[in-house]
Amino acid sequence: MREAAAALAAAAVPTPQVDAELLLAWATDTSRGAVQARAMTGGAIASEHVERFRHAVARRVTREPLQHVTGEAHFRALTLAVGPGVFVPRPETESVVQFGIDALRATAVPEPIAVDLGSGSGAIAIAMDTEVPNALVYAVERSPEALPWTRRNVDAHGGTVRLVEGDLADALPELDGRVSVVVSNPPYVPDDAVPIDPEVRDHDPALALYGGPDGLDAVRALTETAWRLLVPGGLVVVEHAEQQGAGVRAVLAAGGFRSPETHVDLTGRDRTTTATR
């Protein structure tokens, strides 16, 4: 594990020790805590697990995302399948979806409808579906590369998410005026702001990253869709970069939404803007 951490550090992996522990946990089909305990006691590792570990570390050294190496990403209480072609869900999105979950739980409607626009791995939709069992959740995704991952995750978690292939700009006209909550983690990176991290730049799909010259093209489109879908008093929840709070509030206000408000994530950075129909 020390050898792996050193190799990862030499490759400029941001968290080499953590990644070494997580990769060894994956290679041995255990947990990170179990790996840390065995490192303290000097427990032996089967040769086939060592080989699996070394192969995984060699992939991570090339800056292939950790989640692509292991094939899974953790999101709230979920373990999601991820890989090439789908955006890897981030921890900061866990606080974004909480606004949608809270709004669904607060509504007096027996079966409130929620829509996840640009679902990707399905993280937001599945979280709402599993944590608010009485909600009817729709996941909208247009990417032919991402859709198999969305479908796989929806099926794996045995929920009732309705997966719809389509564009967030014109999705679900049959639900106009019936939806209680719309949540979206849209592409919001400005076209010329190419990410520095190879894990993002070289592996996350461009369709899920880039949002036009100012990064807000998808926000403008989903604002129109959310206005059309939501019931009066319904909530729209949008994830964005920390510098975009004012811009997103302006787009939502121009689209007719009331009380746009930006909220920080667990690191204190602006991350989520909500507004009321």
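These legends walk you through an overview and some close-up views of a predicted model. Residues are numbered from 1 along each chain as its sequence is written, and side-chain values use heavy atoms, with hydrogens and water left out. Because the model is predicted, local features need pLDDT of at least 70 and side-chain atom pairs count only at pLDDT 80 or more, while totals for chains, interfaces and linings use all residues.

Figure 1. Helices (H or I, at least four residues) and strands (E, at least two) are DSSP runs, numbered from the N terminus. Buried residues (under 20% relative accessible area, with exposed over 50% and partly exposed in between; 1.4 Å probe, protein chains only) make up 48% of the 277 residues.

**Figure 2. Arg 76 reaches Glu 131 through a salt bridge.** A salt bridge is a side-chain nitrogen of Lys or Arg within 4 Å of a carboxyl oxygen of Asp or Glu; here the closest N and O atoms are 2.7 Å apart. The pair links distant parts of the chain, 55 residues apart: Arg 76 sits in the loop between E1 and E2, and Glu 131 in helix H7 (residues 123–131). Arg 76 is partly exposed at 26% relative accessibility, and Glu 131 is partly exposed at 23%. Look at the backbone too: phi of Arg 76 is near 55 degrees, a positive value in a residue other than glycine. Most residues other than glycine have a negative phi.

**Figure 3. Asp 204 and Arg 90 meet in a salt bridge of 2.5 Å, N to O.** Asp 204 lies in the loop between helix H9 (198–201) and helix H10 (206–209), and Arg 90 in the loop between E2 and helix H6 (92–106), 114 residues apart. At 6% relative accessibility, Asp 204 counts as buried.

**Figure 4. Ser 259 has a positive phi of about 50 degrees although it is not a glycine.** You will find Ser 259 in strand E8 (residues 258–264). Its relative accessibility of 55% makes Ser 259 exposed.
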